[in-house]
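Hi everyone, thanks for making time for this one.

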Amino acid sequence: MIRRCLIGVLTLVLGGCLMRGSGTAVYDATTGTRLATTIRSGLFLTTVRIGGRDAGPFLIDTGSTGNVIDTDLAQTLPLRILQARYDTESQQTIRLAAVGDLTVGPITLRDPSVVIMDLSSITSGFGERIAGVLGYPFFATAVVEVDYVRQSVSCFDPAGYRLPRGAWQPLILRMQLPGAAARMDGDVEGVFVLDTGSNGTGHFFSDF
């Protein structure tokens, strides 16, 4: 699978980072809600604007606890480093930094915190180097519709959003990872991470 190594690193490293409440979000009602996306191996990629310039591709990943910028892209951006630590699993120094405005479709995050790390380990699965990952801080500011049938992703201001059909289902949020309860044969139940950054149908931890 393309990105199992990535989610492991992000979950471990960002668990101790103060990602909640970093920056504010502004919505542009004149901008279309549907993001320009490409699909690689069943995963959605999009382009973002950072400090007024286009950057991409970014993986749209509910399984990431933070917004991530690759080290190559980070070298071209004005950054303010907030903290750094060496991660033994990925064998690299991972930094928490503040960047300028980050815009995704109609949503602009003002002065968001991002994680800087080398994403070259997942490049081979996409055919090009990934510039970054959109994770929890992005999803926490908007209603994000991921439509696998129509192969589209759209973003909305939660203040004015109305569910067009169906009904809301309970979301279980643990360590900034979204999950839902599922039941299998034999009345076995468990909480599963809802992960748009995974291209597999389902994965089981050995203890479960």
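**A walk through the model**

Let's start at one side chain: that of Thr46 reaches the backbone oxygen of Ala36 at 2.8 Å. Before going on, a word on where this comes from: it's a predicted model, where local features need pLDDT of at least 70 and side-chain atom pairs count only at pLDDT 80 or more, while totals for chains, interfaces and linings use all residues. Residues are numbered from 1 along each chain as its sequence is written, and side-chain values use heavy atoms, with hydrogens and water left out.

Back to Thr46. You'll find Thr46 in strand S3, residues 43-50; strands here are DSSP runs of E with at least two residues, helices are runs of H or I with at least four, and both are numbered from the N terminus. Thr46 is buried, with a relative accessible area of 5%. Buried means under 20% relative accessible area, exposed means over 50%, and partly exposed is in between, using a 1.4 Å probe and protein chains only. Who touches Thr46? If we skip neighbours within four places in sequence, the contacts of Thr46 include Leu35, Gly56, Phe58 and Leu134, where contact means heavy atoms within 4.5 Å.

Let's zoom out. The protein has 4 helices and 16 strands. Of its 208 residues, 42% count as buried. Take the contacts between residues at least 6 apart in sequence: 60% of them join residues at least 24 apart.

Now for charges. Side chains of opposite charge can pair when their charged atoms come close. We call it a salt bridge when a side-chain nitrogen of Lys or Arg is within 4 Å of a carboxyl oxygen of Asp or Glu, and by that rule the count is 8.

Which residue pairs with Arg129 at 2.8 Å between the closest N and O atoms? That's Asp70. Arg129 is in the loop between helix H3 (123-126) and strand S11 (132-134), and Asp70 is in strand S5 (residues 68-70), so this pair ties together parts that are 59 residues apart in sequence. Asp70 is buried at 1% relative accessibility, whereas Arg129 is partly exposed at 29%.

Arg129 also forms a salt bridge with Asp118, with the closest N and O atoms 2.9 Å apart. Here Asp118 is in the loop between strand S10 (113-117) and H3, 11 residues from Arg129. Asp118 is partly exposed, with a relative accessible area of 29%.

Another salt bridge joins Glu189 and Arg183, with 2.4 Å between the closest N and O atoms. Arg183 is exposed at 58%, and Glu189 is partly exposed at 47%.

The side chain of Asp87 does make a polar contact with the side chain of Ser90, at 2.7 Å. A polar contact is a pair of N or O atoms within 3.5 Å; within protein, one must be able to donate a hydrogen and the other to accept it, and residues adjacent in sequence count only if both atoms are side-chain atoms.
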